[in-house]
Amino acid sequence: MRRRGACHVLGTHTCAFTKVNAILKALDVALATVDTDTAVHLAEQTEIGLGKTKARQIWRSLMAMQNYRYKSEFAEMLRAEGRAEGEARGEAKSVLKILEQRNIPVSDSIRERVLTCTDLALLESWLVQSLKATTAEELFD
């Protein structure tokens, strides 16, 4: 009688997930045995290499419990970029919200221009302008 493997019983997807989880946990344990700089570098490279996958989510969960994860310059740079993008997005939405509340029509092209802008100084200027403009086009004067 032929014996069925664990992957056959659990299903290929579940088996692959279990193996990936075990590999990432083993790497996490191994990182604790090296110096912090090396651990940070390897943790970052692992995260980058995992791309946008379920494995990356597992890795982030494991790293969230580790001290060296938050000392990473690369990770801090990514967080800073995310904060700046969020701030710009908020400013852009505020510009459009003010125009909307003032019943000033906004074309799709102007909406796109405002929402894709990442220059905070320019967005702040448009925000001030949105308070006194009589048309959306006046934002850019």
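**Cores, a helix pair and a loop**

Author: Let's start inside. The largest nonpolar core has 14 residues. Leu99, Val114, Leu123 and Trp126 have the most contacts inside this core. Keep in mind that this is a predicted model.

Reader: Which elements give two or more residues to this core?
Author: Three helices: H5 (73-101), H6 (108-116) and H7 (120-132).

Reader: And which gives the most?
Author: H5, with 5 residues.

Reader: Let's zoom out. How many helices and strands does the chain have?
Author: It has 7 helices and 0 strands. Along the sequence, the pattern reads α-α-α-α-α-α-α.

Reader: What share of the chain is buried?
Author: Buried residues are 27% of the 141 in the chain.

Reader: What about the surface?
Author: The chain's accessible surface comes to about 9800 Å². Carbon and sulfur atoms account for 56% of that area.

Reader: Back to the helices. How do the axes of H3 and H4 cross?
Author: H3 covers residues 36-50 and H4 covers residues 54-64. Their axes come within 8 Å and cross at roughly 155 degrees.

Reader: Why is H3 called roughly antiparallel to H4?
Author: Because the angle is over 145 degrees, the cut-off for roughly antiparallel, H3 counts as roughly antiparallel to H4.

Reader: Is the crossing left-handed or right-handed?
Author: H3 passes H4 in a left-handed crossing.

Reader: Which residues meet there?
Author: From H3, they are Ala43, Thr46, Glu47 and Leu50. From H4, they are Ala55, Arg56, Trp59, Arg60 and Met63.

Reader: New topic. Where does asparagine 103 lie?
Author: Asparagine 103 lies in the loop between H5 and H6. Its phi is near 60 degrees, a positive value in a residue other than glycine.

Reader: Is asparagine 103 buried or exposed?
Author: Exposed, because its relative accessible area is 67% and the cut-off for exposed is over 50%.

Reader: Last one. How much of the contact count comes from residues 24 or more positions apart?
Author: They account for 62% of the chain's contacts with a separation of 6 or more.

Note on methods:
Residues are numbered from 1 along each chain as its sequence is written. This is a predicted model: local features need pLDDT of at least 70, side-chain atom pairs count only at pLDDT 80 or more; totals for chains, interfaces and linings use all residues. Side-chain values use heavy atoms; hydrogens and water are left out. A nonpolar core is a set of buried Ala, Val, Leu, Ile, Met, Phe, Trp, Tyr and Cys residues joined through side-chain atoms within 4.5 Å. Buried means under 20% relative accessible area, exposed over 50%, partly exposed in between (1.4 Å probe, protein chains only). Helices (H or I, at least four residues) and strands (E, at least two) are DSSP runs, numbered from the N terminus. Contact means heavy atoms within 4.5 Å. Accessible areas come from the Shrake-Rupley method with a 1.4 Å probe; for residues, only the protein chains shown count as cover. Axes are lines fitted to C-alpha atoms, for helices over the stretch in contact, and angles run from 0 to 180 degrees between N-to-C directions. Angles under 35 degrees count as roughly parallel, over 145 as roughly antiparallel, 65 to 115 as roughly perpendicular and the rest as oblique. A crossing is left-handed if the near helix is turned anticlockwise from the far one by less than a right angle, and right-handed if clockwise.
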